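Here is a short briefing on one protein model and its ligand. Take a look at the structure, then read on.

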Amino acid sequence: MMQVKVGDCILEIVKGDITEQDTEAIVNAANEALIPGGGVDGAIHRKGGPEILEELRSKYKGCPTGNAVITGGGKLKAKFVIHAVGPVYKGGNRGEAELLKKTYESALKLALEHGISSISFPAISTGAYRFPLEEAAKIAISTVIEFIKKHNSPKLVRFVLWTDDAYQTFSQVTKEISPNLS
Ligand code: APR
């Protein structure tokens, strides 16, 4: 586990399962159709129960890449799930980096609008969507730091990494970026 202070806020890097987090919100790595898939998405819907999908169906038609929508957390510990749609990686020349940044910003903006003070993120787009891990980690960490510096919120942002590789990469990138924090 690794913690870094950013102003009054804390950025945390942990290895674990996003569905087990007790932060007010957890973020889902969703798709544009908002139809449950595998990975993080499958795990959230399995553990959270059918009411999350019912709420998605009743409120939203879908969600374009780079955007996010919010539902309750069903049976999960988290009160809210923010469903964020990261880009599919297609070589890196199709705006993937900008879209991944926008995905994190969209999720953080929704958290801000709902007064959410603690949130857990997975490594969006690094599974089925094949975004290279190190580049994804740099974008994820720098976007979160930029946002919390600007808004002084959320007070806790936790990255929950599933694999050793993802945990090591996110920790290393945080170490590289954090000395520049003031
Ligand atoms: N907790 C935390 N991280 C997890 C978990 C979990 N329970 N399960 C998988 N991961 C990790 C993966 O190892 C990967 O690094 O989350 C990262 C994101 O992987 P995906 O869930 O495949 O998400 P993504 O690459 O954004 O692809 C989204 O996959 O499941 C479908 O419906 C989803 O179509 C969408 C696509």
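How many aromatic pairs does the ring rule give? The count comes to 5 aromatic pairs. The rule pairs rings of Phe, Tyr and Trp (its six-membered ring) if their centres lie within 6.5 Å; planes under 30 degrees apart are stacked, over 60 edge-to-face, and the rest tilted.

This is a predicted model, with residues numbered from 1 along each chain as its sequence is written. Local features need pLDDT of at least 70, side-chain atom pairs count only at pLDDT 80 or more, totals for chains, interfaces and linings use all residues, and side-chain values use heavy atoms, with hydrogens and water left out.

**Tyr104 and Phe121**
- The ring centres of Tyr104 and Phe121 are 5.1 Å apart, and their planes meet at 45 degrees, so this pair is tilted.
- Tyr104 sits in helix 3 (residues 96–113) and Phe121 in strand 6 (residues 118–121), so the pair links distant parts of the chain, 17 residues apart.
- Helices (H or I, at least four residues) and strands (E, at least two) are DSSP runs, numbered from the N terminus.
- Tyr104 is buried, at 1% relative accessibility.
- Phe121 is buried too, at 0%.
- Buried means under 20% relative accessible area, exposed over 50%, and partly exposed in between (1.4 Å probe, protein chains only).

**Phe159 and Phe170**
- Phe159 and Phe170 also make a tilted aromatic pair, with 5.3 Å from centre to centre and 45 degrees between the planes.
- Phe159 belongs to strand 7 (residues 156–161) and Phe170 to helix 5 (residues 164–177), so the pair ties together parts 11 residues apart in sequence.
- Phe159 has 0% relative accessibility and counts as buried.
- Phe170 has 1% and counts as buried.
- Tyr104, Phe121, Phe159 and Phe170 form one aromatic cluster.

**Thr143**
- Thr143 is part of helix 4 (residues 133–151).
- Its relative accessible area is 1%, so Thr143 is buried.
- Leaving out residues up to four places away in sequence, Thr143 touches Lys101, Tyr104 and Glu105; contact means heavy atoms within 4.5 Å.

**The ligand**
- The ligand is surrounded by 21 residues, and the closest are Asn31, Gly38, Asp41, Ser125 and Thr126.
- A residue is near a molecule if one of its heavy atoms lies within 4 Å of it.
- A nitrogen atom of the ligand lies 2.9 Å from a backbone N or O atom of Ile18.
- A polar backbone atom of Val40 is 2.9 Å from an oxygen atom of the ligand.
- For Ser125, a polar backbone atom is 2.8 Å from a ligand oxygen atom.

Definitions and conventions
Polar contact = N/O pair within 3.5 Å; in protein donor to acceptor, adjacent residues only side chain to side chain.
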